[in-house]
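Open the model in a viewer and keep the selection tool at hand.

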Amino acid sequence: MLRYLVQRLFVMIPTLLVISFLVFAIIQAPPGDFLESMIAEQQSRGENVDNDKIEFLRHTYGLDQPFYLQYLHWMFGNWDGLQHQNGGLIFGDMGYSFEHMLPVTEVIGDALSLTVLISIATILFVWIVSFPIAVYSATHQYGFFDYVFTFLGYLGLATPSFLIALVLLYFANIWFGTSVGGLLDPQYIDQPWSWGKFASLMEHMWVPVLVIGLPGTAGMIRRLRANLLDELNKQYVVTGRAKGLPPFRLLVKYPLRISLNPFIADIGSLLPELISGSVVVSVVMSLPITGPILLAALRSQDMYLAGSFLMFMALLTVVGIFISDLALALLDPRIRFGAGSGK
């Protein structure tokens, strides 16, 4: 077990380095850079462009450097006097946002914390809702409520998230008086945290949690129900029933335990999907989370801001897969670390 943990940790480091290089290369792949996009925007508005200022900014931000030097500055920090680089990404310095004229950590600070909060709440919602519904549907196959839950699951998968967002915003405003859009009432925006601001956040947060979580809930119900039905029809369950094992004990100890594999396996992809997949919903609902910031950074080629977001999602994926592998081995006795490695 210890050997497996050490091996996986050592594999994670080069994996993240390779991902960081690919992320930076993809962001740099479109022609031009942030300053060229800014010049084009100024010219489209009929404004004069100060070429000396543009060249000064290009040198200050290191955009006149070769690709590999820009990547090394971003990852490992500055050694040639650039003022906007300090320790590099591996030391926690995410660089400087050209568009916002601020360090990346200041741009994404509140947005990232709100995104993590919504993501955790959405994951809990998906698991708490889908788990009992899937178990009930599998143990009462072809019953009335099984058909009802199946219909609702298909409806949740087929309905676009932005449409659900618009409907829920309307009813939240009509029934509960919740302000449309955002995560806070207008009087709490840009104000320090207080109990009133926290209560306003809780009042608004249930709408995006429902909107973002419903498709995942519907999909999880279908997968868990199918896996549990498959296990319930296997011979060892029939043998357990024949030996007189109590139905609840038989269900929990064997079939349900093995059917939980998709819950655990989804840890590696669930958090990055919530952060990247909620872009449309966050734009429709005017949510101050990372989705719109990431979209704007990719459009404007704000490479340090976009790269930091993408690396954060890559880190979540790698760490999530590592945790899910460990949990799967503990949950399912058929999975063993390094099985067959000595053959």
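A residue counts as exposed when its relative accessible area is over 50%, and as buried when that area is under 20%. The model on screen is predicted.

**Stop 1: a loop residue.** Select Tyr 142, which sits in the loop between helix 5 and helix 6 (144-158). Is Tyr 142 buried or exposed? Its relative accessible area is 56%, so Tyr 142 is exposed. Check the backbone here as well: phi of Tyr 142 is near 65°, a positive value in a residue that is not glycine.

Stop 2: Next, select helix 5 (104-139) and helix 8 (195-232). At what angle do helix 5 and helix 8 pack? The angle is about 35°, and the two axes are 5 Å apart. Helix 5 passes helix 8 in a right-handed crossing. Colour the contact of helix 5 with helix 8 by residue class, and it divides into 26 nonpolar, 7 polar and 1 charged residues.

**Stop 3: the largest nonpolar core.** Select Ile 118, Leu 183, Val 207, Val 211, Met 285 and Ile 289, the residues with the most contacts inside the largest nonpolar core, which has 31 residues. Elements that give two or more residues to this core include helix 7 (161-176), helix 12 (261-265) and helix 16 (303-331), along with helix 5 and helix 8. Helix 8 supplies the largest share, 9 residues.

**Stop 4: another core.** Finally, select Phe 34, Leu 57, Trp 74 and Tyr 304. These are among the 30 residues of another core, which lies apart from the largest one.

Key:
Residues are numbered from 1 along each chain as its sequence is written. This is a predicted model: local features need pLDDT of at least 70, side-chain atom pairs count only at pLDDT 80 or more; totals for chains, interfaces and linings use all residues. Side-chain values use heavy atoms; hydrogens and water are left out. A nonpolar core is a set of buried Ala, Val, Leu, Ile, Met, Phe, Trp, Tyr and Cys residues joined through side-chain atoms within 4.5 Å. Buried means under 20% relative accessible area, exposed over 50%, partly exposed in between (1.4 Å probe, protein chains only). Helices (H or I, at least four residues) and strands (E, at least two) are DSSP runs, numbered from the N terminus. Axes are lines fitted to C-alpha atoms, for helices over the stretch in contact, and angles run from 0 to 180 degrees between N-to-C directions. A crossing is left-handed if the near helix is turned anticlockwise from the far one by less than a right angle, and right-handed if clockwise. Ala, Val, Leu, Ile, Met, Phe, Trp, Tyr, Cys and Pro count as nonpolar, Asp, Glu, Lys and Arg as charged, and the others, Gly among them, as polar.
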